[in-house]
Amino acid sequence: MLVVMRDHASRSDISHVVEVLEGAGAQAHLSQGEVKTIIGVIGDRETIYSLELEGLPGVESIVRVLKPYKLVSREFQPEDTVVTLSQGSSIGGGAFAAIAGPCSVESPEQMTTVARAVSGSGAAMLRGGAYKPRTSPYAFQGLGVDGLRMMREAADEFGLPVVTEVLDVRDAQTVAEWADVLQVGARNMQNFMMLDELGKMGKPVLLKRGLSATIEEVLSAAEYVLKGGNRDLILCERGIRTFETYTRNTLDLAAVAALKSLTHLPIIVDPSHATGRRELVAPMAKAAVVAGADGIMVEVHPDPERARCDGPQSLDMPGFEDLMRGLVPLMDLSGKHSGAAS
Ligand code: PEP
Ligand code: MN
């Protein structure tokens, strides 16, 4: 349920509603715009309805939410969420962020080379996997904490925030010590215990769409993170499973436009995992900007032929520079500015 307060409702009216809700054992989440305050209520439905909140001073209306999510919805928060990192990069609300780096962290030299190149081309954040979700248990599984350290050092040298995957909830605290944004991979999108845990940690989260997840399932997974109190969440469309095999996945651009209207959270597109093919990355990145995405996540490797993971979909560094140059006119057209720290 959402409690919509009257325009410019007083602080005491708002806190009174919150007190009544909390007194009845419900959780109250505030969305405070310049004019309107909306209170998202979570708790036992019957008990909340019996409170007759309509009659309280300052309350304009009560909206019953039938969808399985509310805090992530535009009804709860009409304004775009902007996620800002301590390095100065931001995403959402007109800021378009390119997140770039290798599929997996391989060596300090590799990370420094990539970080230098992608920051020079205008990337807002550095990515790299230290814990890799691999289909085969015999494939390279990542360098773990050593990889986190290599990525942190390279990122710090160029003032970039680090985005990296938390593969197992048991590693969440360790990863959080090294990273700025905690990525939940497609295979973990519905790992509800992990989402609960990340919702309680004070670190921005990047949630990737599951391989066969519907838009409603993505938003419901996102709701777990916000329900825990964490408002800094970025969603990522990374392609879904279809009958098509020419591409690794099928990029669902309609989902990007749909999510932009359904939620206030920033949405990025990962054209690397969506296509699995280097030559399709730039066209799909361009399409993402036009579809309304707030950013892209692209795999970039100094020598894709020798990458330990996902070489065929990785751009080399000049390829990434070209891609970034090609996005500028489309960003202008879409009213977006770079989310990289200036
Ligand atoms: C990744 O971004 O490194 C990754 C493994 O992607 P996904 O979870 O989308 O497959
Ligand atoms: Mn990859």
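Predicted model: local features only at pLDDT ≥ 70, side-chain atom pairs only at ≥ 80, totals over all residues.
Trainee: In which loop does Asp310 lie?

Mentor: Asp310 lies in the loop between β14 (295-299) and α11. Residues are numbered from 1 along each chain as its sequence is written, chains are lettered from A and ligands numbered from 1 in the order in which they are written, and side-chain values use heavy atoms, with hydrogens and water left out.

Trainee: Where is His8 placed, and is it buried or exposed?

Mentor: His8 sits in the loop between β1 (2-5) and α1 (11-23). Its phi, near 55°, is again a positive value in a residue other than glycine. His8 has a relative accessible area of 61%, so it is exposed.

Trainee: How should I read strand pairing, and in what order do the four strands of the open sheet run?

Mentor: Strands of a sheet pair through backbone hydrogen bonds, either parallel or antiparallel. The working criterion is that DSSP finds at least two bridges between two strands. In this model the open sheet has the order β2-β3-β1-β4, with antiparallel pairing. Its edge strands are β2 (27-32) and β4 (59-63), each of which pairs on one side only. From one strand to the next, the twist averages 20°; axes are lines fitted to C-alpha atoms, for helices over the stretch in contact, and angles run from 0 to 180 degrees between N-to-C directions.

Trainee: How many bridges join β2 to strand β3?

Mentor: Six bridges join β2 to strand β3 (residues 37-42), and the two run antiparallel. Within this pairing, His29 stands opposite Gly40 in β3.

Trainee: How many of the residues of strand β12 are buried?

Mentor: Five of the five residues of β12 (residues 233-237) are buried, so the strand is largely enclosed by the rest of the structure. Both of its faces are covered: Leu233, Leu235 and Glu237 on one side, Ile234 and Cys236 on the other.

Trainee: In which sense do strand β11 and β12 pair?

Mentor: Strand β11 (residues 205-208) and β12 pair in the parallel sense over four bridges, and Val205 has Leu233 of β12 as its bridge partner. The chain passes from β11 through helix α7 (residues 215-227) to β12 in a right-handed β-α-β crossover. Right-handed means that, with the strands pointing away from the viewer, the path from the first strand over the helix to the second runs clockwise. Strand β13 (residues 267-269) is parallel to β12 and joined to it by three bridges, where Glu237 has Val269 as its partner in β13. The crossover from β12 through helix α8 (residues 253-262) to β13 is right-handed as well.

Trainee: How far is the sulfur of Cys236 from the closest cysteine sulfur?

Mentor: A disulfide is a pair of cysteine sulfur atoms within 2.5 Å. The closest cysteine sulfur to that of Cys236 belongs to Cys103 and is 13 Å away, too far for a bond. The disulfide count is zero. Cys236 itself counts as buried, at 3% relative accessibility.

Trainee: How many aromatic pairs are there?

Mentor: A pair of aromatic rings is described by the distance of the centres and the angle of the planes. Rings of Phe, Tyr and Trp (its six-membered ring) pair if their centres lie within 6.5 Å; planes under 30 degrees apart count as stacked, over 60 as edge-to-face and the rest as tilted. The count is one aromatic pair. Phe192 and Tyr224 have ring centres 4.6 Å apart and planes at 25°, so the pair is stacked. It links distant parts of the chain, with Phe192 in helix α6 (residues 192-200) and Tyr224 in helix α7, 32 residues apart. Phe192 is partly exposed at 33% relative accessible area, and Tyr224 is partly exposed at 29%.

Key. Buried < 20%, exposed > 50% of the residue type's maximum accessible area, 1.4 Å probe, protein only.
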